[in-house]
Amino acid sequence: MSFFHAGPAPQGPGPRSGALRDGLTLAPGMAVGLFGGSFNPAHDGHTHVAETAMRRLGLDRVVWLVSPQNPLKGAHETAPLAERMASARAHAPGPSMIVSDFETRVGVSWTIDTLRAIVARHPGVNFVWLMGSDNLADFHRWRGWADIMRLMPVAVIARPGSMLDSRTAPAAARFAGFRIPAEKARLLPHLEAPAWTYLTAPLNHRSSTALRQERANRTGG
C-alpha cells in the first residue's frame with residue numbers, strides 16, 4: 001500500500017475499465033475486513049491481526065491486499081509479488097482468509113484508490129479497513145487518510161511497541177468522537193463511517209523487518 005504524505009485524495013480516473021476479474025468472491029451483506037500491506041514477508045504477527053479482527057468483529061472474510069510495490073522502498077528491498085503472495089497465503093489460515101493481488105489486477109496503488117475501487121465493485125458488502133496500531137501512529141501521513149476514515153469503518157489492532165503512540169496519534173485525536181468501545185466491536189462493520197475501534201489482544205512480537213534481518217544474517221547479505 002502507498003503511505004505517502006497527508007492531503008486530500010483527488011477523485012482520479014479510477015481503475016481501468018472493463019469486465020476485469022478482481023479475484024474476490026464476496027456477496028452483499030457480508031462483513032469483510034480489508035488488510036493491506038507489502039507482506040515482505042508475511043509472518044504470524046500478520047496472522048494475529050487478521051484473526052483478532054475476524055473474531056472480535058464477527059467478520060465473514062478477511063482479504064489480505066498484497067501491494068505490488070511500496071514506493072517508499074527500492075525494488076531491491078522488496079521481494080517479488082509472487083513470493084510475497086505465497087508468503088501471505090502461508091500465514092492466512094482457513095477459507096475465510098483471501099490473499100489478493102487486487103491492486104495489480106485493477107491498476108491502482110494509493111490505498112484510498114484501492115478502497116474506493118473495491119467498494120465500487122462490491123456494493124452491499126460491509127467493509128472494514130484493518131491495520132495494526134503501528135500504522136495508526138503514522139496514518140495522518142497517508143494520502144487521503146481522512147477520506148479513508150470517512151469511506152469505511154476502521155479497526156486498529158494493537159501491535160507491540162506502538163500502543164501508546166498510536167492511541168494518541170493525530171488521526172485518533174481528530175476522530176476521537178467517532179471511536180466506539182472495543183466491547184461493541186461487532187457492531188463496527190454495520191456502522192456508517194466514520195467509525196473506528198481499537199482492539200487489544202495478547203501481543204505477537206514478530207515483524208517483517210526482523211525476519212528480513214534474520215534472513216540477511218543467515219545468508220551473509
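A nonpolar core is a set of buried Ala, Val, Leu, Ile, Met, Phe, Trp, Tyr and Cys residues joined through side-chain atoms within 4.5 Å; buried means under 20% relative accessible area, exposed over 50%, and partly exposed in between, with a 1.4 Å probe and protein chains only. The model shown is predicted: local features require pLDDT of at least 70 and side-chain atom pairs pLDDT 80 or more, whereas totals for chains, interfaces and linings use all residues. Residues are numbered from 1 along each chain as its sequence is written, and side-chain values use heavy atoms, with hydrogens and water left out.

**View 1. Nonpolar cores of the protein chain.** The largest nonpolar core holds 36 residues, and Leu-34, Trp-129, Leu-136, Phe-139 and Trp-196 touch the most other members. Another core, of 27 residues, lies apart from it and includes Ala-53, Val-66, Val-128 and Leu-188. Of the 221 residues of the protein chain, 49% count as buried.

**View 2. The chain as a whole.** The protein chain contains nine helices and six strands, taken as DSSP runs (helices: H or I, at least four residues; strands: E, at least two) and numbered from the N terminus. For contacts (heavy atoms within 4.5 Å) between residues at least 6 apart in sequence, 80% join residues at least 24 apart. The accessible surface comes to about 10,400 Å², of which 54% belongs to carbon and sulfur atoms; areas follow the Shrake-Rupley method with a 1.4 Å probe, and for residues only the protein chains shown count as cover.

**View 3. Strand S2 and its partners.** Strand S2 (residues 61-66) is largely enclosed by the rest of the structure, because five of its six residues are buried. Strand S1 (residues 31-37) runs parallel to S2 and is joined to it by six bridges; strands pair if DSSP finds at least two bridges between them. Gly-37 has Val-66 of S2 as its bridge partner. S2 also pairs with S3 in the parallel sense, over four bridges, and Val-63 has Ile-98 of S3 as its bridge partner.

**View 4. The β-α-β unit.** S1, helix H1 (residues 44-57) and S2 make a right-handed β-α-β unit. Right-handed denotes a clockwise path from the first strand over the helix to the second, with the strands pointing away from the viewer.

**View 5. Surroundings of Ser-100.** Ser-100 is placed in strand S3 (residues 97-100) and is buried, with a relative accessible area of 2%. Its side chain reaches the backbone nitrogen of Phe-102 at 3.0 Å. Neighbours within four places in sequence aside, Ser-100 is in contact with Asp-22, Leu-24, Val-63, Trp-64, Leu-65, Val-66 and Met-85.

Conventions
A polar contact is a pair of N or O atoms within 3.5 Å; within protein, one must be able to donate a hydrogen and the other to accept it, and residues adjacent in sequence count only if both atoms are side-chain atoms.
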